[in-house]
Amino acid sequence: CLMLAPLADAEALVGTASGQAASRHPGIDAASASAVRAALRRQQADADRKAAFRRVRTRAARLLALERSRVERWAAPLGGFESLAPGLARSMRRTRRAMARADSCRRQEAFHTWRRRVKDLWFQVRLVEGCCPHRLLPMRRRLERLDGLLGDYHNIVLLEAFLREGSCLAREDTARCLRNLRQRRTRLGHRALALGTV
């Protein structure tokens with residue numbers, strides 16, 4: 001639900017800042033991470049206050065309950081996997097095209113589009129794998145790993161944007177953290193592309 005995206009992003013950023021400081025190749029040193037986490041927690045609290053004022057969680061829960069009642073009335077097509085395969089093949093082609101664009105231009109927006117396509121395909125596989133559980137399990141697992149890598153990539157993009165816009169660190173510390181995060185993001189992009197082309 002798009003209404004919940006700012007809350008999810010705020011929560012993910014706090015976790016990303018903590019994870020970057022604790023990783024083997026940290027994008028942010030421990031002292032900077034502490035200052036960044038404090039600033040992110042303030043931002044997260046602000047997002048929570050705005051969401052509470054707008055009753056975002058209540059509205060999202062109501063919309064999800066409505067959708068659930070519609071989903072429960074869905075009827076699976078007859079014909080098993082063969083009737084579902086063309087739709088999955090279309091999603092796979094879209095996902096591969098998005099990956100090719102990310103690989104060719106290496107822009108953050110292209111990686112984000114690729115992540116959305118991976119997530120779409122992953123959801124579709126999860127919806128239909130009951131019809132053919134053993135055939136789709138390897139694909140589902142690979143899509144989960146790919147979504148995790150691309151999610152980490154996206155969270156670093158958000159953290160970089162936060163550091164560029166904010167003033168929670170000295171200029172030299174900000175520049176160092178951004179340089180390290182960019183290197184980390186590049187490594188994640190390479191790993192995602194390697195996994196996507198297997």
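Me: Which helix holds asparagine 155?
Reply: This model is predicted. In it, asparagine 155 sits within residues 133-165. That stretch is helix α6.

Me: Is asparagine 155 buried or exposed?
Reply: The relative accessible area of asparagine 155 is 14%. The cut-off for buried is under 20%. So asparagine 155 is buried.

Me: Which residues does asparagine 155 contact, leaving aside its neighbours within four places in sequence?
Reply: Contact here means heavy atoms within 4.5 Å. Close neighbours in sequence, within four places, are set aside. For asparagine 155 that gives Ala12, Leu13 and Thr16.

Me: Where does cysteine 168 lie?
Reply: Helix α6 covers residues 133-165, and helix α7 covers residues 171-196. Cysteine 168 lies in the loop between α6 and α7.

Me: How does cysteine 168 count by accessibility?
Reply: Its relative accessibility is 24%. Buried would need a value under 20%, and exposed a value over 50%. Cysteine 168 therefore counts as partly exposed.

Me: Which residues does cysteine 168 touch, not counting residues up to four places away in sequence?
Reply: Start with a C-alpha pair: cysteine 168 and alanine 38 are 130 residues apart in sequence, but 8.8 Å apart in space. Now take the contacts, not counting residues up to four places away. Cysteine 168 touches Ala35, Val36, Ala39, Phe162 and Leu163.

Me: What is the C-alpha to C-alpha distance between aspartate 46 and leucine 7?
Reply: Aspartate 46 is found in helix α2. At 29% relative accessibility, aspartate 46 counts as partly exposed. Aspartate 46 and leucine 7 are 39 residues apart in sequence. In space, their C-alpha atoms are apart by 9.7 Å.

Me: What separates the C-alpha atoms of lysine 119 and leucine 146?
Reply: Lysine 119 is found in helix α5. With a relative accessible area of 23%, lysine 119 is partly exposed. Along the chain, lysine 119 and leucine 146 are 27 residues apart. The separation of their C-alpha atoms is 9.1 Å.

Me: How are α5 and α7 oriented to each other?
Reply: Helix α5 spans residues 108-128, and helix α7 spans residues 171-196. Their axes are 12 Å apart, and the packing angle is about 40°. Angles under 35 degrees would count as roughly parallel, and 65 to 115 as roughly perpendicular. The two helices, α5 and α7, are therefore oblique.

Me: What is the handedness of the crossing, and which residues make the contact?
Reply: The crossing of α5 past α7 is left-handed. On the α5 side, the contact is made by Gln108, Phe111 and Trp114. On the α7 side, the residues are Arg185, Gly189, Ala192, Leu193 and Gly196.

Me: How many residues of each class are in the contact of α5 with α7?
Reply: Gly counts as polar here. Sorted by class, the contact of α5 with α7 has four nonpolar, three polar and one charged.

Me: What is the orientation of α2 to α3?
Reply: The axes of α2 and α3 are 5 Å apart. The angle between α2 and α3 is about 60°. Roughly perpendicular starts at 65 degrees. That makes the orientation of α2 to α3 oblique.

Me: How many charged residues are in the contact of α2 with α3?
Reply: From α2, Asp48, Ala51 and Arg54 meet Val56, Arg57 and Arg59 of α3. Two of the residues in this contact are nonpolar, and no polar ones take part. The number of charged residues is four.

Me: What is phi of arginine 55?
Reply: Arginine 55 lies in the loop between α2 (30-54) and α3 (56-71). With 49% relative accessible area, arginine 55 is partly exposed. Phi is positive here, in a residue other than glycine. The value is near 55°.

Me: What is phi of arginine 106?
Reply: Arginine 106 has its place in the loop between α4 (81-105) and α5. At 39% relative accessibility, arginine 106 counts as partly exposed. Arginine 106 is not a glycine, yet its phi is positive. The value is about 55°.

Me: How many helices and strands are in the protein chain?
Reply: From the N terminus on, the elements run α-α-α-α-α-α-α. The count is seven helices and zero strands.

Notes: Residues numbered from 1 in each chain as written. Predicted model: local features only at pLDDT ≥ 70, side-chain atom pairs only at ≥ 80, totals over all residues. Heavy atoms only, no water. Axes fitted to C-alpha atoms, helices over the stretch in contact; angles between N-to-C directions. Helix = DSSP H or I, 4+ residues; strand = E, 2+ residues; numbered from the N terminus. Parallel < 35°, antiparallel > 145°, perpendicular 65-115°, else oblique. Left-handed = near helix turned anticlockwise from the far one by under 90°. Buried < 20%, exposed > 50% of the residue type's maximum accessible area, 1.4 Å probe, protein only.
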